[in-house]
Amino acid sequence: MTGSTAEEPWPVRTVARKISEWINRLGTVWVEGQLTQISARPGTGTAFLTLRDPAADVSMTVTCPTGLLRLHEPPLTDGTRVVVHAKPTFFMNRGTLSLRADEIRAVGIGELLARIERLRKLLAAEGLFDPKRKKRPPFLPRKIGLITGRASAAERDVLVNAKARWPAVDFRVENVAVQGALSVPQILDALSVLDKDPEVEVIVIARGGGSVEDLLPFSDETLCRAVSACRTPVISAIGHEPDTPLLDHVADLRCSTPTDAGKRVVPDVAEESTRIRHLRDRARRALHGWVDRERRLLDSLRSRPVLADPLTPLARRAEQVDALAERGRRALLGRLAAEQSALAATRARLTTLGPAATLARGYAVVQLTDTDGTPRVLRSIEDAPEGTRLRIRVADGALHAVVTGDRDAPAEGR
């Protein structure tokens, strides 16, 4: 749409006509959805319906001949899943867009079950049913979120059974539509609210069973993915055994009925009290047994001689220490005496062989002094010419002499 400016704008009729011409060029289309707000007034040739997407908050108005709606078998009602063959139409006078239907087909149970089975395989292939990803509900949740119909039997069953088992249990109940076109959006909103509540530690989605058509919202792909993405554990309690909705496979825990959910979401206070009493008795018996065993061990230790009469062993050890000390003293004194005797003998031998003893017997040591003043023993008369100064050492001292006379030859036989 070109050619319009702020100075030369198009009138509303021109814009509406151009939109109508553009939409009229579109062909027919097959559309699937859920019927709501069916209006077929007597005496009118056109019936008005609302076709809603079951997985999103999107809807469109559908018009069709009244005869097409009235002659349909079985009769169409709110919540029926249908496939519509229609052509988009723009009404210029009201500026609205709608679908003009010329054929409406109800989706049969077989087709719905086939679609659920295809979706089941898809979600299983993606791992949404894997037990490893399922979160374990807490043993005793601080607060339980409950998503169910208003004033329904499912709500009553969950609350009554849970409070009977644990009277102090706390619930946050979110009432939603559990069937029909509005059920999936309302359940998604309630699930988001409860998942964001930090006090809610487990969420229960409960419904009291129903037909396959009534349980279709609990096999919705958007709801299954939302439950899988929740950080809070989700318990499914749909209560329909023959045809299990996909929510039972995605939820972290499946309960067969809302009554079963009320029993499994909290422990039984009577059973837990009995268990605690039994554990206390076991602990008491174990403690008494341990004390008795340790007491017997202590009595056995106290009855042993080392503890019954601790002084006698000490006295014996003291006597042994004294005896060993005396032995050591005697051995030391004996060793000292032997060493003293050996030292005296050695001293006597040294005295006998030493120069002092020889001098005492009348001998003398004659020494002469070298030119550098160092005294040395005179060993030959040749070393002492006349005039040599000598030093003669005797037993009690030393004499100094000078060689003056002739030297005598040694006597024979000396």
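The C-alpha centres of domain 1 and domain 3 lie 160 Å apart. Keep in mind that this is a predicted model. Besides the domain layout, there's a helix pair to look at, plus a quick word on rings.

**Domains**
- The domain assignment puts domain 1 at 12–107, domain 2 at 113–267 and domain 3 at 357–403.

**Helices α5 and α6**
- Helix α5 covers residues 183–196 and helix α6 covers residues 221–229; their axes come within 10 Å and cross at roughly 10°.
- Angles under 35 degrees count as roughly parallel, so α5 and α6 are roughly parallel to each other.
- On the α5 side, the contact uses Ile-187, Leu-188 and Leu-191, and these meet Thr-222, Leu-223, Ala-226 and Val-227 in α6.
- Sort the residues of that α5–α6 contact by type and you get six nonpolar, one polar and no charged.

**Rings**
- Arg-94 has its charged end over the ring of Phe-91, 4.8 Å from the ring's centre.
- As for aromatic pairs, with ring centres within 6.5 Å as the cut-off, the count is zero.

Conventions:
Residues numbered from 1 in each chain as written. Predicted model: local features only at pLDDT ≥ 70, side-chain atom pairs only at ≥ 80, totals over all residues. Heavy atoms only, no water. Axes fitted to C-alpha atoms, helices over the stretch in contact; angles between N-to-C directions. Helix = DSSP H or I, 4+ residues; strand = E, 2+ residues; numbered from the N terminus. Parallel < 35°, antiparallel > 145°, perpendicular 65-115°, else oblique. Contact = heavy atoms within 4.5 Å. Nonpolar A, V, L, I, M, F, W, Y, C, P; charged D, E, K, R; others polar. Phe/Tyr/Trp six-rings, centres within 6.5 Å; stacked < 30°, edge-to-face > 60°. Lys NZ or Arg CZ within 6 Å of the ring centre and 35° of its normal. Domains from an automatic or database assignment.
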